[in-house]
Amino acid sequence: MAKPKEIANKPERLTGGHRLCAGCGAPINVRQIMSVCPGPAVVTVSTGCLEVSTTIYPYTAWKDSMIHSAFENAGATISGVETAYRSLKKQGRIKDDMYFVAFGGDGGTYDIGLQALSGAVERGHNFVYVCYDNGAYMNTGFQRSSATPCGAWTTTSPVGKESYGKTQNRKDLAQILVAHDIPYVATASPHNFKDLMSKAEKAFTTPGPAFLNVISPCPRGWRTPGDQTIALSREAVQSCYWPLYEVENGKYKINYKPKAEKKTPVADWMKKQGRFAHLFKPGNEAVLEDIQAYIDHKWEELLKKEECL
Amino acid sequence: MSRKAMTGNGAIALALKQVDPDVMSAYPITPQTEIAQNYAQFVADGAVKTEYIAVESEHSAMSAAIGSCAAGARTITATSSQGFALMWEMLFIAASLRLPITMPVITRALSGPINIHCDHSDSMGGRDCGWIQLYGEDAQEGYDNAIQAFRIAEHADVRLPVMTMIDGFIISGAIGPLEVLQDAQVKQFVGEFEPLHPLLDVANPVTVGAFDSLGGWYFEHKVTQNQAMARAMQVIEDVGREYGELTGRPYSHFKTHMIEDAEIVLVAIGSAAGNVKTMVDKLRAQGKKVGLLKVRTFRPFPTEQIRAALSGARVIGVMDRSDSFGAQGGPLFTEIRSAMFEAEPRPQIFNFIYGLGGRDLFPDDIEGAVALLEKAAAGEEVAQTRHYLNVREG
């Protein structure tokens, strides 16, 4: 990977002037990922915050070609673009080597776009899919998705006399992609830019489909201050809520293993976010215990996978 | 030119093969499946240069077609019925992005209840999604329209997607005679595809499908989209004329049969036009002044031309192969009656809904319809505007 200084001096591929919120994780992730894209790219973005805020007609923040058409079809759209490229390249009508990347939020990836993504990776198109996971439908004003963590308040998993917020655990999307037996699957976080960028570079240069799931704090939906995005990303990893790992041709590698004393309780991370505030009122101790138990179970499971696979 | 015996689907697959586009994305659905699988075989045999995307749904078929066409590749797909309904959202987006995708639609009833046979619920339901719509009567017209669609869609004055319809099973699955052009003739007729602002132009990156909301230009974009649709009217005629010079089969927006002195005119679309034509000849032999107008272009709707062609008729019977729930009549009926509102004198117009879910249209049904129109022509009161042919009582 190039040195940080070299990367910092590269021209921006997502320019400033876009209208994402202060502290939004999405543009931080996009800029880090695009900075290591080895050549000209075509980007597709599913409907959501990133799309509406970076392409307000007649302006665009994208320096590469970009196409948005709908919410549930980033996988299918990039399949079409990549196939057109292969067709025209084979015919000698295009000379350049180009790269193809799709960005979707968790709503557009875990939920409504899962079929199109599954189809695209099964067909083996040569592209990178990046899910910027902020854990809810933030663009429409904080509705629960299958990526929303258990216990979180959203407007469709509200807190009330009979409810402590979302009662289900998150869908394990990276594992679904691993089950497709694609060449490269990884999770990443913007606080560890070196890890994120080396994974993005691998994803771009791996022939065939590659998938990155990147945590992307949302100050509005998480009810957190805008200057805590990177700190919250770090703590998500330290608590093992968001383990950093990669699966290369079926081989697991955990990129960060907190030592026992450094592995922070997930409640510490949750306490800093307004979406979990209700859980810290008396009477919810059992819910917090269940959440911690689930995080620990998933972490243990991952350690075993790394050992065995 | 050579003469072959082919199914409607076979004819269309052959037309697409002769054009040999850059990309096809397709998903199988009855009765379109033969096109998807024939084309996959052409690819497997190396008979075409096309890259084939065997997508996992019709929504993805149209989404991939949009990505591919916007990238700069000549792109096709094909569908029917539920597949058409599933790609609904993307049909509007393909048209609004001004992407010249072409798509044969093998018309079939829409669920529910599920029914795999022919009617026009699918394509007629999508009449306002911004695509040009050309309807064919038989395999030959399906073949001819599929070829012309590229020239119309890609014309600089138009730049809109085109769907070409044939009737499911009745035409798609039946073997009929087909005049086939040489591959080189087809290639020369459609010419090279010249994309506008393609995504793959590295020197000129472009953002496609930007956010165009309040404070944007959405309204203006819709108006210009409709202006392109209006310009397509002339382009469809010009391409149809040129195609006629090549093949001896000129095309326009509609075809008429015996309407010059006709008091009663039946308007039909799709394969039923052939049945009606046969009956017109039979009734003419009995001295009845009956004629037929067969609609080819439904979007854009050739209002002035049809009004002029029907100006001599006293009574018009419009045959619809789809119903429109809660509306004044079927889609073709409401267009024709609206077109004739400004005719002087204004004819009486009735609607005959037939063939839903593949129900047969018999000669007796057409004769019955004409008998009803004759009553109206004779000045008798006909209570209802909308009538159903060959439908069982309650």
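Predicted model: local features only at pLDDT ≥ 70, side-chain atom pairs only at ≥ 80, totals over all residues.
Q: How do you know which residues make the contact between helix 7 of chain B and helix 9 of chain B?
A: Residues are in contact if their C-beta atoms, placed from the backbone, lie within 7 Å. On helix 7 of chain B these are B:Asp144, B:Gln148, B:Arg151 and B:Ile152. On helix 9 of chain B they include B:Val235, B:Ile236 and B:Tyr243. By class, the contact has 6 nonpolar, 2 polar and 2 charged residues.

Q: What makes strand 10 and strand 16 of chain B edge strands?
A: The sheet is open, with 6 strands in the order 10-12-11-14-15-16. Strand 10 (254–257) and strand 16 (386–388) each have a single partner strand, so one side of each is left without a neighbour in the sheet.

Q: How do you know that strand 11 and strand 12 of chain B pair?
A: Pairing needs at least two bridges. Here 6 bridges join the strands, which run parallel. B:Val267 stands opposite B:Leu293 in strand 12 of chain B.

Q: Which strands of the sheet does helix 12 of chain B touch?
A: Helix 12 (residues 331–340) packs on the sheet and touches strand 11, strand 12, strand 14 and strand 15 of chain B. Its direction makes about 150 degrees with that of strand 14 of chain B.

Terms used:
Residues numbered from 1 in each chain as written. Chains lettered and ligands numbered in written order. Contact = placed C-beta atoms within 7 Å. Helix = DSSP H or I, 4+ residues; strand = E, 2+ residues; numbered from the N terminus. Nonpolar A, V, L, I, M, F, W, Y, C, P; charged D, E, K, R; others polar. Axes fitted to C-alpha atoms, helices over the stretch in contact; angles between N-to-C directions.
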